[in-house]
Amino acid sequence: MDGTSASGGKKDLMGLISRMNKVFVPEGRKKDLLEILNSTGRMSLTEAAEKIGLDNLQANKLAEQLRAEGRILIEKHYLKEPDLESVDYNTKKAGLSELSVKKVPVHTPEVPKARVTPPEMTASAEAKPGEAKVPEAKEKRKEEKTIEIDVESYTVKVDDIHYSIRIVDTGDFVPHYLVAMPRIDFVTRALLDETKRALIGEIQIESREVFDPEKFQKLRTKFLTRAREKLKSVLQKASDEYIAVLSRILVNEMIGLGDMEYLLLDDNIEEVVVNSSRDVVWVYHRKHGWLKSNVLIPTEDLIMNYSSRVAREVGREITHLKPMLDAHLISGDRVNSTLYPISTQGNTITIRRFSRTPWTAIHLIDPKLQTFSPEIAAFLWMAVEYEMNVLIAGGTASGKTTILNALMPFMPANQRIISMEDTRELNLPEYLHWVPLTIRPTNPEGEGGVSMLDLLQNSLRMRPDRVIVGEVRARAETEVMFEAMHTGHSVYSTFHAERASEVIERITSPPMSIPPAVLKSLHLIVIQYRNRRTKQRKTFEVCEITKDESDVPTLNTLYKWNPITDTIDKMYPSIRVKDDLAMFTGMTESDIESDLHGKRMILEWMLENKIYGVNDVGRIVTEYYLDKQVVLDLIKSKDVKIK
Ligand SMILES: Nc1ncnc2c1ncn2[C@@H]1O[C@H](COP(=O)(O)OP(=O)(O)O)[C@@H](O)[C@H]1O
Ligand SMILES: [Mg+2]
């Protein structure tokens, strides 16, 4: 014994773990623990152990089991009954999710008689002399934890409500993201629950409304308005802002994603993820990377309810037989969910937040981002105007879809565009002649599935001028994509590969094995790159595929980013694009130069005048297509005003 403790903490820990695994707890003791917890509401682990006559390890194991079953909460070293709130609210949600209010008997624990505030670290009293130092060490760590260093703070505004956000470094592995959620006292909570009941009774939800995005939006507004009216009539003296705050809570709880909605308000957040009911919700911040938020979804059921709700809104489902879901929210955010035991720690939700205002080329040339240069933007614009085929490649979350979307306002308004995606992400200017399509997985009976390949084949019968494929992955769809290029459509898509040479390699070798000659229908490959350290996204290279005699497609690098100088350098002059332009448009080299020069001027002018929106950029592009000289002259004269 003595030998083990002398040889350091690691062995002690191993010993503890192996002892933990061997701990045996008689089944009947669970009930005992629940009972005393119900009568006190909250108590320390040591105290609980004492009351039911078990040692600390046994009590700990029991508590873990009960927590896994969602019957108690463990906070630090306290054991707690689950919040009344979450139990009650959970049942209502379950009811609502069946689109009818189902009565589920809830065992409501009695109001705690006496709340015993456990003395800190009573454990030390029992500790053997050799271990007496442990509680001290713990105390110390706790003290360190309370030192918070502010990393950044700002406010996020929605509907005239300001939510303040603080990002603090608490000495944890990652900084914490704290959103100031309204604190609801007992009385207000009761009022909210009462209002909820009234609203459920009043507003009948028909499944039709939930399936239809427009109707769902209306339903949301209706809920919000009614919630406001009801609360206002009770809280006559409350400010409008307070009423707005409360009604938002109601809507979030009843038809939204609960407290996660607060995290979805912030444009700096790219990802919101739930790992299980035992872990807080994590967020990926544009500037600070992964952070732990102060939002927790208290039960596994609730996580599953949220997933089912998301699924229903797009006419899909997530069940134990089909435990994985890919869907999107009405806002366009992409959602993936998995259920326990596929995800062994618990139910998960991953939300990729969709930029509320889709980025255009102007955002990307803005000095704030400098994803690519105005020169590249002008070049890609020209490629889109003259119907070149473009494939955007890069790693996961490197910004491929964002680039694809930024090219959309360069599409001429008089052409028919068909887009197809797994989940809706693209956001095109309103005036475009655009038909968006999305795939559909099969139902539980294995029927009714519509794949990317189906869509692609169908789209070619819809007389498109431009075909946009969200992402190509499988052999069959890549084949059809090249077929579409070959038959004279201009095609835009994204692909997972880190370098232009890797794109060619992956497409031409197994399992894709597409004949190399076919690749020559593709004009340009744009590679997006995400710096894993600075988190910056850059266009790494722009390459064209030349049409030389050889069978193997050859790459010609036009632009390449230099990570050392952080500049995008022009590499080799274009061969393929220049030849094709000469052939299809009769443009000479100097025509091309002046075309590029004009486009670059317009782009820089838009940046200077802060014209960022898809529709605004698209409007100027459209004017330009109608009469290039007029727009160029106007811009040169410097006295045009927008709106
Ligand atoms: N150029 C960029 N600069 C900064 N952030 C970007 C850029 N492009 C995309 N992002 C952000 O990165 C995330 C992933 O972008 P997305 O285009 O969906 O990537 P991909 O399609 O490669 O998976 C999004 O949250 C988006 O807002
Ligand atoms: Mg993408």
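Colleague: What makes a residue buried, and what percentage of the 643 residues in the chain is buried?

Modeller: A residue is buried if 20 or more other C-beta atoms, placed from the backbone, lie within 10 Å of its own, exposed if 12 or fewer do, and partly exposed in between; buried residues make up 32% of the 643 residues in the chain. This is a predicted model, in which local features need pLDDT of at least 70 and side-chain atom pairs count only at pLDDT 80 or more, while totals for chains, interfaces and linings use all residues. Residues are numbered from 1 along each chain as its sequence is written, and chains are lettered from A and ligands numbered from 1 in the order in which they are written.

Colleague: Why does leucine 391 count as buried?

Modeller: Leucine 391 has 29 C-beta neighbours inside 10 Å, and therefore counts as buried. Leucine 391 lies in strand S13, where a strand is a DSSP run of E of at least two residues and a helix a run of H or I of at least four, both numbered from the N terminus. Leaving aside residues up to four places away in sequence, leucine 391 touches Ser493, Phe495, Val503, Leu522 and Ile525, a contact being two C-beta atoms, placed from the backbone, within 7 Å.

Colleague: Why is helix H17 described as largely enclosed by the rest of the structure?

Modeller: Eight of the eight residues of H17 are buried, so H17 is largely enclosed by the rest of the structure. The buried residues of H17 pack against helix H15 (361–365), helix H16 (374–385), strand S13 (390–394), strand S17 (490–496) and strand S18 (524–530). Helix H17 (residues 400–407) also gives the most to the shell around ligand 1, with three residues.

Colleague: What else surrounds ligand 1, and how does its shell divide by class?

Modeller: There are 15 residues around ligand 1, the closest being Glu270, Gly399, Lys400, Thr401 and Thr402; a residue is near a molecule if its C-beta atom, placed from the backbone, lies within 6 Å of it. By class the shell has three nonpolar, nine polar and three charged residues, with Ala, Val, Leu, Ile, Met, Phe, Trp, Tyr, Cys and Pro counted as nonpolar, Asp, Glu, Lys and Arg as charged, and the others, Gly among them, as polar.

Colleague: Why are H18 and H19 called roughly parallel to each other?

Modeller: The axes of helix H18 (residues 452–459) and helix H19 (residues 475–486) come within 9 Å and cross at roughly 15 degrees. Axes are lines fitted to C-alpha atoms, for helices over the stretch in contact, and angles run from 0 to 180 degrees between N-to-C directions. Angles under 35 degrees count as roughly parallel, over 145 as roughly antiparallel, 65 to 115 as roughly perpendicular and the rest as oblique, and H18 and H19 are therefore roughly parallel to each other.

Colleague: What is the angle between H22 and H24, and why are they called oblique?

Modeller: Helix H22 (residues 589–608) and helix H24 (residues 628–637) pack at an angle of about 50 degrees, with their axes 10 Å apart; H22 and H24 are therefore oblique to each other.
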